[in-house]
Amino acid sequence: MAKGQPTPTPISYSLIRLFFRLLLSTFYGSIVVENGHYVPETGKPCIICPNHSNSVVDAPLVVISVPRKRRDFIRLTAKASLFGHPTFSSWLIQAAGTVPIQRRKDNPDGSADNTIVLKNLMEALEAGDAVCLFPEGISRFHPEVAPLKTGVARMVSDVLGRNRDDPNFEVYLLPCSVTYMHRQHFRSDVLVSFDEPMVFSVKNNPELLPPVEFTHIRQVTDDLQKRIRSGVLEAPTWEIIRGAKLAAKMYAPLGTLMPLGEYVRLSRRFSDAFTASTKADSSTADQESVLKLCKDLNAYQDKLSRLGLNDDRIRRSRHRPTIVLRMIVRLAWSCILCLVCLPGLVLWAPVFASTSMAVRKFLMKGGPVYDTWDDISQHKILYGLVTILLVWISVVVATWRLTHFTIILTPAFMWMSMRWIEDGVAAFRAFSSLLRLLLTGKPALRKLRDERNDLHSRVRNLAVGLQLPEDPEKYFASIGGREKGRILGPWDQVVRYFSVRRRRKRDWTETLRLYDKVDYPVDDYPK
């Protein structure tokens with residue numbers, strides 16, 4: 001690699017990237033990318049630094065999220081223990097040109113040596129390439145970003161030292177925040193948000209030239225952590241995340257035209273307020289009331305979960321004849337969609353069965369949630385991919401006289417039927433929720449509405465203290481543009497019904513489930 005001459009994009013990498021895009025766009029309902037213009041253009045040395053919460057899925061997600069017009073090739077890194085296995089995932093990692101990194105955790109005897117690897121990565125940076133490093137150094141199913149290792153900052157220092165004779169040499173650190181609504185669930189949503197890059201140069205940052213004091217390395221690491229965490233929905237516990245999401249729904253009710261990024265940032269505002277109230281030095285009456293609000297929101301959500309209801313059903317008081325009419329409409333629409341996509345359901349059934357069995361077998365091995373659940377989506381995607389290929393081949397073989405048609409129509413029909421299945425599941429979920437609402441006694445509903453009204457009033461008071469807009473529905477409808485995943489009105493909804501870029505879910509937390517996914521696993525991570 002010659003200095004200042006970026007590596008041409010290999011054809012194999014382009015094919016792998018296309019494969020990643022098809023795979024992840026099938027598993028996740030919406031992958032929304034924000035601030036792609038912050039990605040430094042090809043030719044500028046760049047280290048992309050995402051948070052790491054979804055095992056091997058994170059790297060392909062970053063690959064397809066970086067705009068090709070700005071960066072067409074990214075050098076990925078992964079722990080060395082993922083290489084050299086006779087598995088599809090191992091082959092895929094190596095085929096993407098991923099560089100193996102030895103971790104001390106995997107080499108307790110002290111044999112981890114990344115000298116040659118780091119030298120090659122620095123040469124790639126000097127050539128103007130982009131390198132993707134996960135500064136947490138570990139993937140985990142956790143509500144909070146882990147403390148960052150200092151490896152990225154040390155690499156910045158080393159590459160600046162190698163080019164100390166060129167005062168204009170620059171290195172870009174690109175913070176990348178990834179938020180999964182429900183990372184392990186099929187057709188859930190993902191937000192990838194890039195922050196403004198941190199630029200370091202020989203001329204402007206002489207304090208980073210070797211030999212460098214650790215305080216400067218620590219400062220760069222801390223600044224990077226703040227940038228990454230600012231774009232992620234996080235909290236010390238899942239209970240706070242759960243309460244923050246419910247508070248966001250109460251503040252901006254179902255149906256608000258809100259892009260995913262705004263929903264994440266809104267939930268984060270409530271999450272930060274709840275987190276601040278748990279601090280040891282937070283003993284004022286206001287902080288205690290905020291903490292109590294978080295606990296009361298979770299208690300209210302527990303009641304809704306036991307009854308199989310969601311907050312919007314309690315918010316909107318409806319007469320029983322109206323509920324019955326809506327049940328009939330939802331059930332009829334669900335049945336119609338099921339009949340329409342019945343052949344597609346037959347094709348998808350083996351996929352659902354194989355992924356369910358694979359995850360069940362994986363979880364039977366045991367282990368703490370924080371160290372195992374981040375691998376669930378990986379297992380679902382890999383087993384689902386293999387099953388889809390087998391279904392595809394079976395259909396083509398069974399219709400060998402029409403192979404030139406079925407080889408294209410089979411995956412196209414599976415994709416289109418998935419769109420109908422999503423709508424059918426949503427309609428049936430609405431029907432079952434209305435049925436439970438009908439079966440819940442009037443005294444219980446009245447009590448829930450009173451409790452809900454009290455919580456809503458307290459959430460609104462907190463929103464005032466957080467300086468949130470007074471009219472959220474009007475505010476969120478007026479900002480942003482035609483982001484993927486946003487429906488701007490009834491006509492836009494009709495026009496884009498069959499668009500692959502359309503998202504028909506009303507709630508960003510929806511998944512392909514017959515019930516609302518609002519709960520999280522028990523916190524079992526080390527304190």
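Trainee: Which residue stands opposite E34 in β8?

Mentor: S193 is the residue of β8 that stands opposite E34. Strands here are DSSP runs of E, at least two residues, and helices are runs of H or I, at least four residues, both numbered from the N terminus. This is a predicted model, where local features need pLDDT of at least 70, side-chain atom pairs count only at pLDDT 80 or more, and totals for chains, interfaces and linings use all residues. Residues are numbered from 1 along each chain as its sequence is written, and side-chain values use heavy atoms, with hydrogens and water left out.

Trainee: How many bridges join β1 to β8?

Mentor: Five, and the two strands run parallel; β8 covers residues 189–194. Two strands pair if DSSP finds at least two bridges between them.

Trainee: And β1, how many of its residues are buried?

Mentor: Four of the five residues in β1 (30–34) are buried. Buried means under 20% relative accessible area, exposed over 50%, and partly exposed in between, with a 1.4 Å probe and protein chains only.

Trainee: Switching to cores. Which residues have the most contacts inside the largest nonpolar core?

Mentor: Y251, L266, F270, F274 and L297, in a core of 50 residues. At least two residues each come from α7 (238–251), α8 (260–277), α9 (285–307), α11 (320–340), α15 (403–439) and α16. The most come from α7, which gives nine. A nonpolar core is a set of buried Ala, Val, Leu, Ile, Met, Phe, Trp, Tyr and Cys residues joined through side-chain atoms within 4.5 Å.

Trainee: What is F270 in contact with?

Mentor: Leaving aside neighbours within four places in sequence, F270 contacts include A244, A247, A248, Y251, V459 and L462. Contact means heavy atoms within 4.5 Å.

Trainee: Which residues does the second core include?

Mentor: Y28, I31, C46 and V63 are among its 48 residues, and this core is separate.

Trainee: What about the phi of S55?

Mentor: S55 is not a glycine, yet its phi is positive, about 50°. Its loop runs between β2 (46–50) and α2 (58–65).

Trainee: Why does S55 count as buried?

Mentor: Because its relative accessibility is 12%.

Trainee: And Q467, buried or exposed?

Mentor: Exposed, because the relative accessible area of Q467 is 73%. Q467 also has a positive phi, about 60°, without being a glycine, and lies in the loop between α16 (442–465) and α17 (472–478).
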